[in-house]
Structure formats: C-alpha cells, structure tokens
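This briefing looks at strand pairing and at contacts between charged side chains. Look through the sequence and the structure first, then read the points below.

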Amino acid sequence: MVKIMVGRKGSGKTKKMIDAANDHVRDSHGSTIFINNDKRLTRELNYRMRVVCAEDYQHLGNIDEFTGFILGIISSDHDIDTIFIDSITKHANISLDNISVFIDRLDAISKQYEVEFIISVSAEAEEIKGILETHEVLN
C-alpha cells in the first residue's frame, strides 16, 4: 500500500512524516526505513530507524534507478515493513508529470514484498487528484 501526504512546500509535511515515522518505529516489530534528500533530519528520527540520505547516491538520476535503489534496500533486509520517502519530487527527477508511474511501481513493490510506503509530495491536491483518488491520503 502507498499512502500519501500532500501539500504545498512549507506546509509541514516533513514534520508530519518525522512524527509518523517515529510513532511507527516505536510500535513496529519490523524494520523501518526513512529516505530523505539530505542529512539534516538524522537527529530528529528515532535511532532504531534506518535513515538513508539520497544525496549520498548521486547516480540516482531517474525513476528506473530509484526503483532499483528501493529494491536494493528491500533485498538487504527482509524484515522491512515500512519505507517513508520524504519530498518525493526531490529525488531522481520525479516530477508531477511522471509521479503516477513511480507510484504504480511502488504499488507493485508493496504487494510483492509486503512493504508499506508513505511518501510526501509537494503539490496542491488538485495537481495529483487522480493519484489521490486511488491511494490513502494521510493529511
């Protein structure tokens, strides 16, 4: 399952993601991953969570590479139950024009590996209305 937090830039999505991830890891029996674009959130996230800073992986230039990156993370730990991805449009040239392709891939990965994805998208709800109709919105 893919759950989405949506809102314009500066609306507090990252803080909500941090709170949701910290709450999740406290009650989870599996592994939790938090993918962010930089290292600035590392201290705000629970130490039991694996924080992945995408800026450390400069070769993630498109959706195919980012999908492979996520599959690599999953293959390294079969206990992963949830992956949080903050600010999805800051990763691998993902934009509002191609985000539906990426979310479809996350749906397939979620079903195959039983991993839940929680992503944040900087956009107005109207801009991604079609995606929001088929996925749970968390805010």
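By the rule used here, the count comes to 5 salt bridges, a salt bridge being a side-chain nitrogen of Lys or Arg within 4 Å of a carboxyl oxygen of Asp or Glu. This is a predicted model, in which local features need pLDDT of at least 70 and side-chain atom pairs count only at pLDDT 80 or more, while totals for chains, interfaces and linings use all residues. Residues are numbered from 1 along each chain as its sequence is written, and side-chain values use heavy atoms, with hydrogens and water left out.

- Glu116 and Lys3 meet through their side chains in a salt bridge (3.0 Å, N to O).
- Glu116 lies in strand S5 and Lys3 in strand S1, so this pair ties together parts that are 113 residues apart in sequence. Helices (H or I, at least four residues) and strands (E, at least two) are DSSP runs, numbered from the N terminus.
- Glu116 and Lys3 are both buried, where buried means under 20% relative accessible area, exposed means over 50%, and partly exposed lies in between (1.4 Å probe, protein chains only).

**Salt bridges involving helices**

- The side chains of Asp64 and Arg105 form a salt bridge (2.6 Å, N to O).
- Because Asp64 lies in helix H2 (residues 63–76) and Arg105 in helix H3, this pair ties together parts that are 41 residues apart in sequence.
- Arg105 is partly exposed, with a relative accessible area of 28%.
- Another salt bridge joins the side chains of Arg26 and Asp23 (2.4 Å, N to O). Both residues lie in helix H1 (residues 13–27), 3 residues apart, which is about one turn of the helix.
- Arg26 is exposed, at 51% relative accessible area, whereas Asp23 is partly exposed, at 38%.

**Strand S5 and its neighbours**

- Strand S1 (residues 2–7) pairs with S5 in the parallel sense over 6 bridges; two strands pair if DSSP finds at least two bridges between them. Ile4 stands opposite Ile119 in S5.
- Strand S4 (residues 80–85) also runs parallel to S5, and 4 bridges join them. Thr82 has Glu116 in S5 as its bridge partner.
- S4, helix H3 (residues 99–113) and S5 make a right-handed β-α-β unit. Right-handed means that, with the strands pointing away from the viewer, the path from the first strand over the helix to the second runs clockwise.
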